[in-house]
Amino acid sequence: MDTPAGTPSAAIGILGGMSWHSTIEYYRAINERVAAQRGGHASARLLLSSLDFAEIRDCQLREDWAAAGEILAREAAALERAGATSVAIATNLMHKVAPAVEQRIGVPLVHIGDAVADAAGRAGARTLGIVGTQWVMAEPFYAERLARHGIGAVVPPAPAQAELDRIIFDELTQGVVTDASRAVYRAAFAALVAEGAEAIVLACTEIMLLVGAEDAAVPLLDSCAAHSEALARIALGELAPDGLAPAAR
């Protein structure tokens with residue numbers, strides 16, 4: 001049974017470790033929001049399953065999404081058994097296997113695309129540029145989730161996608177940040193604005209380690225921040241676990 005808004009004691013299950021660098025940001029952002037709202041020693045009730053990213057990355061490289069989906073679904077079910085009343089996947093790309101996770105659990109999956117769509121709406125953007133891993137940019141699962149909220153999407157051309165993807169996996173997920181890579185992302189942002197993007201979603205939870213608002217002419221929507229904010233609102237009882245899902249809006 002879903003936990004209604006207004007009940008701040010519910011535990012949220014988080015599938016993290018993909019990579020652990022961004023999972024730290026989720027943990028920090030959720031707890032900072034809860035502490036600021038409730039004061040004192042308050043923190044969020046979180047259950048974390050931190051996966052071995054090497055195992056998930058191997059599935060990605062082999063494009064064995066069935067195996068990846070099985071791993072995440074198994075861990076999500078374990079979080080539910082441990083008491084989670086909602087589950088979140090703390091990464092954009094692995095929402096490619098969100099349907100497999102949803103089929104295995106009886107509690108809501110708090111989808112990152114819904115949180116991004118909510119942030120876009122608050123920013124007044126109806127067309128988003130998508131920058132993330134190559135699968136997120138090239139395949140339809142992310143843009144289709146945004147489209148369910150009435151938001152259009154534009155993506156970089158294939159050669160740019162390849163270089164943006166390389167930077168994420170060869171550098172950012174290993175904690176490496178360089179000025180040269182920042183310049184690549186700035187150029188990609190400018191091209192997306194020229195294609196009509198009114199805001200740009202950083203659709204990989206590590207990109208915010210590299211760039212900031214000053215790097216683009218339009219708002220940058222940090223998917224990690226948007227997702228974390230939604231989860232903090234759930235932890236505080238301000239939002240039902242399925243409150244941002246398309247059917248619930």
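Two strands count as a pair if DSSP finds at least two bridges between them. In this predicted model, Gly132 has Ala203 in β6 as its bridge partner. That link belongs to a sheet of four strands, and helices pack on it too.

**The sheet**
- The sheet is open, and its four strands follow the order β5-β4-β6-β7 with parallel pairing.
- Which strands stand at the edges? They are β5 (152-154) and β7 (220-222), and each has a single partner strand, so one side of each has no neighbour in the sheet.
- From one strand to the next, the twist averages 35°.
- Strand β4 (residues 127-132) and strand β6 (residues 199-203) run parallel and are joined by five bridges.
- As background, strands of a sheet pair through backbone hydrogen bonds, in either a parallel or an antiparallel way.

**Helices on the sheet**
- Helix α7 (residues 140-147) packs on the sheet and touches β4, β5 and β6. The direction of α7 makes about 155° with that of β4.
- Helix α10 (residues 223-236) lies across β6 and β7, and α10 runs at about 50° to β7.

**Helix α2 with helix α3**
- Two packed helices are described by the angle between their axes and the distance between the axes.
- The axes of α2 (residues 53-62) and α3 (residues 65-81) come within 8 Å and cross at roughly 150°.
- Angles over 145 degrees count as roughly antiparallel, and α2 and α3 are therefore roughly antiparallel to each other.
- Glu55, Ile56, Cys59 and Gln60 in α2 meet Trp65, Ala67, Ala68, Ile71 and Leu72 in α3. By class, this contact has seven nonpolar residues, one polar and one charged.

**Helix α8 with helix α9**
- How do α8 (residues 158-170) and α9 (residues 179-194) cross, and at what angle? Their axes come within 10 Å and cross at roughly 140°.
- The crossing of α8 past α9 is left-handed.
- On the α8 side, Glu163, Leu164, Ile167 and Ile168 take part, and they meet Ser181, Val184, Tyr185 and Ala188 in α9. The residues of this contact are six nonpolar, one polar and one charged.

**How confident is the prediction?**
- The protein has a mean pLDDT of 93, and 96% of its residues reach 70 or more.
- Over residues 1-7 the pLDDT is below 50, and this stretch has 14 contacts in the model beyond near neighbours in sequence.
- Where pLDDT is low, the predicted coordinates should not be read in detail.

Conventions
Residues numbered from 1 in each chain as written. Predicted model: local features only at pLDDT ≥ 70, side-chain atom pairs only at ≥ 80, totals over all residues. Heavy atoms only, no water. Axes fitted to C-alpha atoms, helices over the stretch in contact; angles between N-to-C directions. Helix = DSSP H or I, 4+ residues; strand = E, 2+ residues; numbered from the N terminus. Left-handed = near helix turned anticlockwise from the far one by under 90°. Contact = heavy atoms within 4.5 Å. Nonpolar A, V, L, I, M, F, W, Y, C, P; charged D, E, K, R; others polar. pLDDT = per-residue confidence, 0-100. Parallel < 35°, antiparallel > 145°, perpendicular 65-115°, else oblique.
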